[in-house]
Amino acid sequence: METITKSLIPEKNCIVKSNSASSTQKVNILIVDDHPENLLALEAVLMSPNYHFIRANSGEEALMYVLKQDFAVIVLDVQMPGLNGFETAQLIKEREKSKHIPIIFVTAISKDMENILCGYSVGAIDYISKPFHPETLRRKIEQLVKIYENHEQSEWERALELEEVNKKLDRTTLDLRNKEALERVIGETLADTIVTFDESGYIFSVNPAVKGMFGYSTEELLDQHVTNLLPALKQDEGKEAPLIIAPSIKPITGRLMEAVALRKDKSHFPADIQIGEAIIENQNIYVCSIRDITDRKKFEALRRQQFNNLEKLVEERTLELLLANEKLQNEIKERKKIADDLHVSHERFRKIFESSPCLIAIRSLKDGRFIDVNDSWLHYTGYHYEEVTNQTADLLHLVSDSGNSSVGIFSLEHAKSIRNEKIRYQSKSKEVREGLLSTELIEIQGESCILIVVTDITERIQLEKEMVRLDRLNLIGEMAAGIAHEIRNPLTTVRGFLQISKTNHDYLTLEHIDLMLIELDRANSIITEFLNLAKNKVNDKTNQHLNVILNALFPLIQAEALLSDKHVLLELGECPELYLDEKEIRQLVLNLVLNGLEAMSSRGMLTIKTYSEEQSVVLEIRDQGMGIKPEILEKIGTPFFTTKDKGSGLGLAICYSVAERHHAIIDVKSSDQGTAFSIRFKYGVPFGEG
């Protein structure tokens with residue numbers, strides 16, 4: 001309560017002022033004259049380190065300064081434009097805050113008695129005519145400044161005394177109000193009934209809690225006997241005895257006792273009472289607090305019941321524990337059997353670990369160290385066991401074969417299970433080998449680990465490559481007859497013209513020569529396109545934007561389209577960089593574009609579009625031709641298959657070969673509204689792939 005009372009005391013701004021501080025503070029003096037030279041002269045006459053002079057060139061300016069700050073004295077000229085000195089002085093004196101400021105008129109013109117009387121009437125304390133004696137004016141100003149300083153000091157002291165008295169009065173008033181408020185709040189909010197009665201037992205006050213506890217209003221109980229509320233007391237043995245106020249109230253005063261309380265509706269309830277005694281004006285006054293303990297009695301009865309239930313529960317639990325103990329013994333036997341089985345399983349795992357042909361390693365997820373490796377791991381990598389254990393570096397330098405620069409299988413932050421991912425790894429001798437990687441998260445003696453299994457497939461990959469090479473040679477052998485046929489036709493034409501020119505020199509014209517060159521170019525084109533089918537063609541891939549290549553090709557494509565009265569629309573979306581062979585991409589695009597242009601009639605529109613979709617960059621070439629029949633669509637990309645009269649059948653086959661070398665997929669959709677070729681390039685394919 002002491003803390004609350006202190007916090008309720010309002011704080012006031014304290015006036016702190018010392019004589020030393022007041023002595024060093026300069027006194028403001030306002031000098032007013034419309035002639036600057038007069039202002040300088042007055043300031044020179046009155047010059048003092050204790051004065052702070054403020055100059056005003058007019059009555060209006062002087063009034064503005066008076067509104068802003070206080071002055072010890074004002075030296076005022078009479079004759080000024082605008083407000084003259086008398087008008088200015090009258091306005092200053094009309095203001096409550098500035099009416100006490102002494103004003104001295106100084107003039108060189110208005111010296112007649114009428115002006116002097118006018119000056120005194122508006123509140124001036126002196127009226128000085130020029131020329132004046134400087135020392136006289138200085139002495140007058142000094143006396144006025146002393147009066148001002150003494151007045152300020154007296155005002156400050158009176159304000160300080162008044163503030164101290166007000167503080168004491170406020171504290172006393174606040175203490176009284178706090179006590180009254182606290183007593184009222186305690187009486188109104190207290191759940192216990194408080195009854196005051198005299199030595200005869202008659203009530204003269206009761207708090208509002210009596211309404212809820214007994215059903216009486218406070219007015220109903222005034223002058224009633226206290227036994228109407230407390231008819232009996234409980235004895236130690238549980239018996240009841242009537243409450244007798246006189247003369248036996250003294251022995252029970254100050255003791256906490258249990259009583260029988262009687263409500264207005266004649267119902268009884270148990271209560272704790274405590275009676276205190278006070279003497280006011282030689283009269284004994286008793287204060288009795290009454291607390292309803294019905295809920296406590298119910299709780300005690302409930303607790304007794306719970307205690308009985310608890311005793312019964314303990315007996316039941318004791319029996320359960322005996323049964324659980326027997327069960328635990330059986331469980332111990334089972335766990336011993338499980339431990340034995342686990343030991344056998346561990347031995348089996350050890351045999352599998354050591355004898356497996358796969359490279360197996362166990363590494364800690366906490367620090368990445370090698371916990372154990374098997375003999376196959378040591379055999380394929382060339383390391384010794386002592387060189388590997390407790391090492392934290394990635395000795396195998398695992399690299400994914402799926403296009404990512406790193407597999408990331410042993411990132412301590414992102415460890416996860418992997419199944420048969422194709423990878424390359426490096427042995428101690430820097431030999432790069434290939435394998436299938438699988439990982440599994442395990443726990444060994446409370447430590448999180450990762451089990452790494454690599455199935456070495458280097459020999460199998462080499463065998464597959466050899467089979468691919470042989471299959472390619474077989475394909476070339478099968479295509480040789482077709483190539484020979486396609487080349488023989490232009491060569492036959494050239495040979496025929498040359499034979500004729502041998503016997504008839506005049507027969508070979510420029511037209512014939514151009515025809516021979518066309519046939520030779522056709523043969524050369526067939527051979528070039530055939531060579532482009534080879535999968536092991538040397539690459540010249542760089543990291544570049546597909547859109548840049550298409551923009552470079554667009555003028556050529558547009559010129560070709562305009563020759564046949566057709567149009568090309570270029571829609572390039574924002575795409576990331578790809579690893580591309582520019583020459584091969586140009587050939588792929590030109591083959592598909594020329595096919596599309598040939599498939600359309602005049603005024604047709606060919607659309608070249610790029611966009612990003614699902615980790616891929618898509619190049620889409622769509623024409624408005626008649627579409628491709630389903631039976632022909634199945635043979636798209638087969639070498640030497642063509643529906644053109646003069647086609648070689650290698651263009652789309654080369655497109656598929658280029659797409660494969662770039663890890664891209666070609667999708668074809670065709671209808672009677674046209675055909676769309678979509679080439680999907682995956683992100684992140686490195687320079688050396690393909």
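Buried means under 20% relative accessible area, exposed means over 50%, and partly exposed lies in between (1.4 Å probe, protein chains only). The model shown is predicted: local features need pLDDT of at least 70, side-chain atom pairs count only at pLDDT 80 or more, and totals for chains, interfaces and linings use all residues. Residues are numbered from 1 along each chain as its sequence is written, and side-chain values use heavy atoms, with hydrogens and water left out.

**View 1. Arginine 433 and glutamate 459 form a salt bridge.** A salt bridge is a side-chain nitrogen of Lys or Arg within 4 Å of a carboxyl oxygen of Asp or Glu. Here the closest N and O atoms are 3.0 Å apart. The pair links distant parts of the chain, 26 residues apart. Arginine 433 sits in strand β17 (residues 432–444) and glutamate 459 in helix α13 (residues 458–503). Helices (H or I, at least four residues) and strands (E, at least two) are DSSP runs, numbered from the N terminus. Arginine 433 is buried, with a relative accessible area of 9%. Glutamate 459 is partly exposed, at 47% relative accessibility.

**View 2. Glutamate 613 meets arginine 680 in a salt bridge.** The closest N and O atoms lie 2.6 Å apart. Glutamate 613 is in the loop between β22 and β23, and arginine 680 is in strand β25, so the pair ties together parts that are 67 residues apart in sequence. Both count as partly exposed: glutamate 613 at 30% relative accessibility, arginine 680 at 26%.

**View 3. Glutamate 96 and lysine 99 join through their side chains.** This salt bridge has an N to O distance of 3.2 Å. Is glutamate 96 buried or exposed? Glutamate 96 counts as exposed, at 59% relative accessibility. Lysine 99 is partly exposed, with a relative accessible area of 41%. Elsewhere, Glu135, Arg138, Arg139 and Glu142 are linked in a network of salt bridges. A search of the whole structure finds 30 salt bridges.

**View 4. The largest nonpolar core has 34 residues.** A nonpolar core is a set of buried Ala, Val, Leu, Ile, Met, Phe, Trp, Tyr and Cys residues joined through side-chain atoms within 4.5 Å. Val589, Leu619 and Phe681 have the most contacts inside this core. Among the elements that give two or more residues to it are α16 (582–599), β23 (616–622) and β25 (674–682). Which element gives the most? α15 does, with seven residues. A second, separate core has 27 residues, including Val210, Leu221, Ile252 and Ala259.

**View 5. Leucine 619 and its contacts.** Contact means heavy atoms within 4.5 Å. Neighbours within four places in sequence are left aside. The contacts of leucine 619 then include Leu546, Leu550, Leu588, Val589, Ile608, Phe677, Ile679 and Phe681. Lys609, Thr610 and Ser678 are also among them.

**View 6. Helix α4 (residues 59–68) has buried and exposed sides.** Its buried residues are Gly59, Ala62, Leu63, Tyr65 and Val66. They cover an arc of only 160° around the axis, which puts them on the same side of α4. The arc is that of the directions from the helix axis to the C-beta atoms. Leu67 and Lys68 are exposed on the other side. The buried residues pack against β1 (27–32), β2 (51–56), β3 (73–77) and α5 (85–94).

**View 7. Strand β3 is largely enclosed by the rest of the structure.** Five of its five residues are buried. Val73, Val75 and Asp77 point one way, and Ile74 and Leu76 the other way. Two strands pair if DSSP finds at least two bridges between them. Four bridges join β1 to β3, which run parallel. Isoleucine 29 has valine 73 in β3 as its bridge partner. Four bridges also join β3 to strand β4 (residues 103–107), again parallel. There, valine 75 is partnered with isoleucine 104 in β4.

**View 8. Six strands form an open sheet with antiparallel pairing.** The order is β14-β13-β18-β17-β16-β15. β14 (370–373) and β15 (399–400) stand at the edges, each with a single partner strand, so one side of each is left without a neighbour in the sheet. Two bridges join β15 to strand β16 (residues 418–426), and these run antiparallel. Serine 400 has isoleucine 423 as its bridge partner in β16.
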